[in-house]
Amino acid sequence: MNRNPGEAALSILETVATSMVSLAALVLTITILVVQLAMAQFSPRIVPNYAMIDHDRHIPFWRAVGDAVHEHDCRFILQLSHAGR
C-alpha cells in the first residue's frame with residue numbers, strides 16, 4: 001500500500017507522542033511511589049535531621065543561625081512546612 005509521505009510522518013509522530021506520554025505517566029507513577037515510601041520511612045518528618053522549630057529547645061540553634069546571617073548584613077526567612085501528619 002502506497003502512503004503519502006505526510007501520512008507516514010504523521011503516523012511516526014503519533015507513535016512517538018504516544019510513547020512519550022506513556023513514559024511520562026510511568027515516571028510520574030514511580031515518583032509518587034518513591035515519595036510515599038520515603039514519607040513512610042521517615043515518619044512525619046520530611047527528612048532525617050530536618051531543621052525543626054517545634055520546641056523551645058530549638059531556639060538557641062535558630063538564634064545562632066540568625067546571628068551568623070546578620071553578621072554578614074544579610075537577611076533570611078524561615079519557611080514552615082508540614083509533612084502531612
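Is Trp62 buried or exposed, and what is its relative accessible area? Trp62 is buried, with a relative accessible area of 19%; buried means under 20%, exposed over 50% and partly exposed in between, using a 1.4 Å probe and protein chains only. The views below come from a predicted model, in which local features need pLDDT of at least 70 and side-chain atom pairs count only at pLDDT 80 or more, while totals for chains, interfaces and linings use all residues. Residues are numbered from 1 along each chain as its sequence is written, and side-chain values use heavy atoms, with hydrogens and water left out.

**View 1. The whole protein holds two helices and zero strands.** Helices (H or I, at least four residues) and strands (E, at least two) are DSSP runs, numbered from the N terminus. Of the 85 residues, 4% count as buried. The accessible surface is about 7800 Å², and carbon and sulfur atoms hold 64% of that area; accessible areas come from the Shrake-Rupley method with a 1.4 Å probe, and for residues only the protein chains shown count as cover.

**View 2. Phe61 and Trp62 form an aromatic pair.** Rings of Phe, Tyr and Trp (its six-membered ring) pair if their centres lie within 6.5 Å; planes under 30 degrees apart count as stacked, over 60 as edge-to-face and the rest as tilted. The count by this rule is one aromatic pair. Here the ring centres are 4.9 Å apart and the planes make 75 degrees, which is edge-to-face. Phe61 is partly exposed, at 47% relative accessibility, whereas Trp62 is buried.

**View 3. His58 sits in the loop between α1 and α2 (59-71).** This histidine, His58, counts as buried because its relative accessible area is 18%. Beyond its neighbours within four places in sequence, His58 is in contact with Met52 and Ile53, where contact means heavy atoms within 4.5 Å.

**View 4. Helix α2 is followed by Asp73.** With 13 residues, α2 reaches 18 Å from its first C-alpha to its last, close to the 18 Å expected at 1.5 Å a residue; the expected span is 1.5 Å times one less than the number of residues. In the segment after α2 you will find Asp73, with a phi near 55 degrees, a positive value in a residue other than glycine. Asp73 is exposed, at 73% relative accessibility.
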